[in-house]
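Here are a few exercises to work through with the model open on your screen. Try each task before you read its solution.

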Amino acid sequence: MEDDPVHPPSVLAAIWADTEAAGFSFPSDYKLGGLLRVLAASKPGGKLLEIGTGTGLATAWLLDGMNTAAHLTSIEANGRWAAIAAKHLRHESRLTLLDADAFSWFGGQAAASYDLVFADAMPGKFDGFDALWRLLKPGGIYVIDDLMPQPSWPADQQQRVDEVLKMLDARTDGRVARMAWAGDVAIAVKLG
Ligand SMILES: C[S@@+](CC[C@H](N)C(=O)[O-])C[C@H]1O[C@@H](n2cnc3c(N)ncnc32)[C@H](O)[C@@H]1O
């Protein structure tokens, strides 16, 4: 079975061209984009959150799955990458792009206020997990990727990944599925 998603968001090619030209090293996987789009579509009217906008690749996939009543907040601390995302997506009324450090942003948010979180940076993935998990509604979906070992990983990265997966498996307030696919993905759903 061919498993590349078809009909990518129309804006994706232009974002990808700028992403490559800028030398952004951590773009989201194309297949993962298709999964994020489907998950976003499962939350009509939902509040979605992305930690680590980068240049806006996954942001575009999420928006492509969202209905008109849904809203996505995406946070990026690096102005250079955020500027590329803003160039292509700033017209989107369903999107708020925040130039902020996600660690400090978590604390100011209401508990159980998000339906889906794509945690694509350290905050809420390898550090500050509880602060981000607290923001998910019951039934809310939590997605992480880049769990497959990479030559560029620092020495302690495998241990950090193993600890996150173990912690997710052990949760009594969530259920997790691991997918050895598209850079390796874990999806957890918060129990009601
Ligand atoms: C894996 S990349 C994101 C890729 C992007 N989601 C995509 O679809 O291509 C991680 C991003 O998180 C950003 N980041 C790292 N630490 C952060 C923090 N504390 N707050 C907000 N963004 C952060 C980095 O600048 C980087 O752009």
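Before you start, remember that this is a predicted model: local features need pLDDT of at least 70, side-chain atom pairs count only at pLDDT 80 or more, and totals for chains, interfaces and linings use all residues. Residues are numbered from 1 along each chain as its sequence is written.

**Exercise 1. In which sense does strand 5 pair with strand 4, and in which with strand 7?**

Step 1: strand 4 (residues 114–119) and strand 5 (residues 136–144) are parallel, with four bridges. Leu116 has Ile141 of strand 5 as its bridge partner.

Step 2: strand 5 and strand 7 (residues 185–190) run antiparallel, also with four bridges. Find Tyr142 and you'll see its bridge partner in strand 7, Ala188.

**Exercise 2. Describe the largest nonpolar core.**

Step 1: a nonpolar core is a set of buried Ala, Val, Leu, Ile, Met, Phe, Trp, Tyr and Cys residues joined through C-beta atoms within 7 Å. Buried means that 20 or more other C-beta atoms lie within 10 Å of a residue's own; 12 or fewer is exposed, in between is partly exposed, and C-beta atoms are placed from the backbone.

Step 2: the largest core has 48 residues, and those with the most contacts inside it include Leu36, Leu62 and Val143. Helix 3 gives the most to this core, with six residues.

Step 3: zoom in on Leu36. Leaving out residues up to four places away in sequence, Leu36 touches Ala58, Trp61, Leu62, Phe118 and Val143 (contact: C-beta atoms, placed from the backbone, within 7 Å).

**Exercise 3. Which residues come nearest to the ligand?**

Step 1: of the 21 residues around the ligand, Ser28, Gly52, Gly54, Ala58 and Ala121 come nearest (a residue is near if its C-beta atom, placed from the backbone, lies within 6 Å).

Step 2: the elements giving two or more residues to this shell are helix 3 (57–65), strand 2 (71–76) and helix 5 (102–106).

**Exercise 4. Are His7 and Asp184 exposed, partly exposed or buried?**

Step 1: His7 sits in the segment before helix 1. His7 is exposed because 8 other C-beta atoms lie within 10 Å. Its phi is near 55°, a positive value in a residue other than glycine.

Step 2: Asp184 is in the loop between strand 6 (174–179) and strand 7. With 18 other C-beta atoms within 10 Å, Asp184 is partly exposed. Asp184 isn't a glycine, yet has a positive phi of about 70°.

Technical notes
Two residues are in contact if their C-beta atoms, placed from the backbone, lie within 7 Å. Two strands pair if DSSP finds at least two bridges between them.
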